[in-house]
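Please consider the following briefing alongside the sequence and the coordinates.

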Amino acid sequence: MIEFRGVNKWFGSLHVLKDINLAIKQREVVVVCGPSGSGKSTLIRCINRLERIQNGEIIVDGISLSGKKTDITKLRAEVGMVFQQFNLYPHKTALENIILAPIWVRKQSRAKALKIGKDLMAKVGIPDKLDSYPAQLSGGQQQRVAIARALAMQPKIMLFDEPTSALDPEMINEVLDVMTNLAREGMTMIVITHEMGFAHRVSTRIIFMDEGQILEDESPELFFTQPKNERTRFFLSKILTH
Amino acid sequence: MFGLFGLSYEFRWSVLWVDPHLTWLLNGLSTTLRLAAISWIIAVLLGIIFGAMRTVSFRPAHAIATVYVEFFRNVPLLVWLFFWYFGAPEVFPEFLKQWFIRHGIEFWSGVAAISIYHGSRLAEVIRSGIQAIPKTQLEAGLSSGLSVIETYRLILIPVALRLIVPPATNESLNLLKNTSLAMTIGVAELTFAARQIETYTAKAVEALTAAALIYLVLCLTISMIMNKIERKYAIPGLIARGTGAEH
């Protein structure tokens, strides 16, 4: 579904992705963790080309991102993205946020988009907030609308860039629950998170990154019990102590 | 007695409502409103297009917009009026020149000068509005499959326009008042009419007071309308708009 082949990326002289090779299959739920500045956010932002790579190749759903004829907007429609800061459109209600791209990109009728939108709002557990504006919703509610908005495009892949990092503790679970259900339904997901409970329960694979490299790529069982890398052990000891 | 202090001026307000003076004033007002309205619409469109282009990463678009803004805002409006009236028509193709002459070349030169000049100033206002929006809004639009142009049209520009109502109001008032400069190229707008009454009656105070009051009323009306627009389109929950925000 997603393949990185010898991918390198620099920001100026800063080498942020170093020779990344990675293959993710359909229905996998991959958690990416690592210290800040390790390149994990850049890694997933390359998948829908919000960041461009300097060499190597990324193939998503059989299409090379660096191809001259690649229609990037078409590919982005198949890849949903959820951001740390929700990024809902502030001048539109929750429901309007959800139906915008289906109408403009998928050319759905307004009636159909509205129906799907309402169903999704029910699915993420806030069917009563259809007409609320983002600033009138709590962080957890906003993030659930953002997930519904991404799902409305019926994407093949969902990317989550620290979806719970900006949330108050009591709201984290309501978002993780939605993500857990999504994983159970078989969605292909890449999730940057430090919620190790979620990683343990839900993921099929955990990737640990540091300084632009993938240091660990393991099943959750092995990742938590027998991390190969010294750096991974140190990181786990830091985040699992509290 | 008053003559002793040099106050021999005799007010005669009635000059304002005898014809043809009243007709001149009303026609002047009508021309001012038309000139301002047409110029404003064009200026806003230019401002949105070039203001948005100033924020994109595509270099040629950015460069063109920068040249437009810096070239037109840094030359006085009066010079632009003379340019579009005395200069530009000379280099127009003949059919265009004839069209202008038939349709009132003074008026359309005024529209060109005022709309392009104020468009360059509005572009800066709109640019600042777009740049006040987090870049992640653009990313949210793009990642959902919208093109850059669609993201600007559906998200960035509508949000930016809501943010810039106060400075845009200011700029709109300036545009309205600046239409008075068009009298220098012979547009019979409000100030022109006031001067004409003064020339015929020697009642400068009355004539110019009338013009001043009309401008004042027009500007206050625009301010009120823009205030209403600001409230109507305020983003709920995002910004408290002087309606008794909690302290």
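The points below concern helices of one chain and a residue of another. The model is predicted. In chain B, α5(B) is largely enclosed by the rest of the structure, and α1(B) crosses α8(B) in a right-handed manner. In chain A, the residue considered is A:I59, which lies in strand β4.

**Helix α5 of chain B**
- Helix α5 of chain B covers residues 105–131, and its 27 residues should span 39 Å at 1.5 Å a residue.
- The end C-alpha atoms of this helix are 38 Å apart, which agrees with that expectation.
- Of the 27 residues of α5(B), 21 are buried, so the helix is largely enclosed by the rest of the structure.

**Packing of α1(B) against α8(B)**
- The axes of helix α1 (residues 21–53) and helix α8 (residues 165–178) of chain B come within 9 Å and cross at roughly 140 degrees.
- That angle makes α1(B) oblique to α8(B).
- The crossing of the two helices is right-handed.
- On the α1(B) side, the contact is made by B:T32, B:A36, B:S39, B:W40 and B:A43, and on the α8(B) side by B:S172, B:L175 and B:L176.
- Classified by residue type, this contact has five nonpolar, three polar and no charged residues.

**Residue A:I59**
- A:I59 belongs to strand β4 (residues 55–60) of chain A.
- With a relative accessible area of 15%, A:I59 is buried, because buried means under 20%.
- Leaving aside residues up to four places away in sequence, A:I59 touches A:M1, A:I2, A:E3, A:R5 and A:S64.
- A:I59 and A:G212 are 153 residues apart in sequence, and their C-alpha atoms are 19 Å apart in space.

Key: Residues are numbered from 1 along each chain as its sequence is written. Chains are lettered from A and ligands numbered from 1 in the order in which they are written. This is a predicted model: local features need pLDDT of at least 70, side-chain atom pairs count only at pLDDT 80 or more; totals for chains, interfaces and linings use all residues. Side-chain values use heavy atoms; hydrogens and water are left out. Helices (H or I, at least four residues) and strands (E, at least two) are DSSP runs, numbered from the N terminus. The expected span of a helix is 1.5 Å times one less than its number of residues. Buried means under 20% relative accessible area, exposed over 50%, partly exposed in between (1.4 Å probe, protein chains only). Axes are lines fitted to C-alpha atoms, for helices over the stretch in contact, and angles run from 0 to 180 degrees between N-to-C directions. Angles under 35 degrees count as roughly parallel, over 145 as roughly antiparallel, 65 to 115 as roughly perpendicular and the rest as oblique. A crossing is left-handed if the near helix is turned anticlockwise from the far one by less than a right angle, and right-handed if clockwise. Contact means heavy atoms within 4.5 Å. Ala, Val, Leu, Ile, Met, Phe, Trp, Tyr, Cys and Pro count as nonpolar, Asp, Glu, Lys and Arg as charged, and the others, Gly among them, as polar.
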